[in-house]
Amino acid sequence: MSEKNTFEPIFNKHSKILILGSFPSVISRESNFYYSNSRNRFWQMLARILNTTVPKSIDEKIKFLLSHYIAIYDAAISCEIEGSSDAKMSKIIPVNLKPLFKEANIRQVYANGGKAYEICKKYLEGEIIKATKNEVIKLPSTSPANAKFSLEKLAKEWQIIAKNLKEQF
């Protein structure tokens, strides 16, 4: 079934890093916000590596991201997908990152999982390198489908974001 991502990117002119997911899950599409599945560890992971409390409401999540200079978006603006499975994504149309790169001084892009990374490499790599002077960095997915990664193991890999932010300031 063909789906369109209606989420706007979350960022402001102070954003320094961009985390790209692949495409919103069914639960996220229904609630109309990023990483809304309570089993997805995205918010828990960021709070852990940034040594803060997990944001709960949408407003808290937006303030949390912006106060830590983090932008989020998804790599695909539309695709055909069955359920929430990245493996079932086809006919992918990538997002246009130019407006985001024009307004924010993004210095590094991270891909949340293999499919997001694959979309970045296939469709967005030139644009990302031109804007940031860096290649996209692949991080293990925070999705509940990535059960082989415990929260501790994810935190070890995702710690690079906290390190990168500290180096920026």
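Two strands are taken as paired if DSSP finds at least two bridges between them. In this predicted model, strand β2 (residues 17-21) and strand β6 (residues 108-112) meet that criterion, pairing in the parallel sense over four bridges. Within this pairing, I17 stands opposite Q108 in β6. Both strands belong to an open sheet of four strands, ordered β3-β2-β6-β7 with parallel pairing. The edges of the sheet are formed by β3 (70-74) and β7 (137-139); each has a single partner strand, so one side of each is left without a neighbour in the sheet. On average, neighbouring strands of this sheet are turned by 25° against each other, direction ignored.

The structure holds eight aromatic pairs. One of them, between F7 and Y34, is edge-to-face, with 4.9 Å centre to centre and 70° between the planes. This pair links distant parts of the chain, 27 residues apart: F7 lies in the loop between β1 (2-4) and β2, and Y34 in the loop between α1 and α2. F7 is buried, with a relative accessible area of 6%, and Y34 is likewise buried, at 2%. Ring pairs link F7 and Y34 with F33, Y35, F42, W43, F64 and W158 into a cluster. Elsewhere, the charged end of K153 sits over the ring of F149, 4.6 Å from the ring centre.

N37 is found in the loop between α1 (26-31) and α2 (42-49). Because buried means under 20% relative accessible area, N37 counts as buried at 16%. The N37 side chain reaches the backbone nitrogen of R39 at 2.8 Å. Leaving aside neighbours within four places in sequence, N37 is in contact with I27, S28 and P144.

Conventions:
Residues numbered from 1 in each chain as written. Predicted model: local features only at pLDDT ≥ 70, side-chain atom pairs only at ≥ 80, totals over all residues. Heavy atoms only, no water. Helix = DSSP H or I, 4+ residues; strand = E, 2+ residues; numbered from the N terminus. Buried < 20%, exposed > 50% of the residue type's maximum accessible area, 1.4 Å probe, protein only. Polar contact = N/O pair within 3.5 Å; in protein donor to acceptor, adjacent residues only side chain to side chain. Contact = heavy atoms within 4.5 Å. Axes fitted to C-alpha atoms, helices over the stretch in contact; angles between N-to-C directions. Phe/Tyr/Trp six-rings, centres within 6.5 Å; stacked < 30°, edge-to-face > 60°. Lys NZ or Arg CZ within 6 Å of the ring centre and 35° of its normal.
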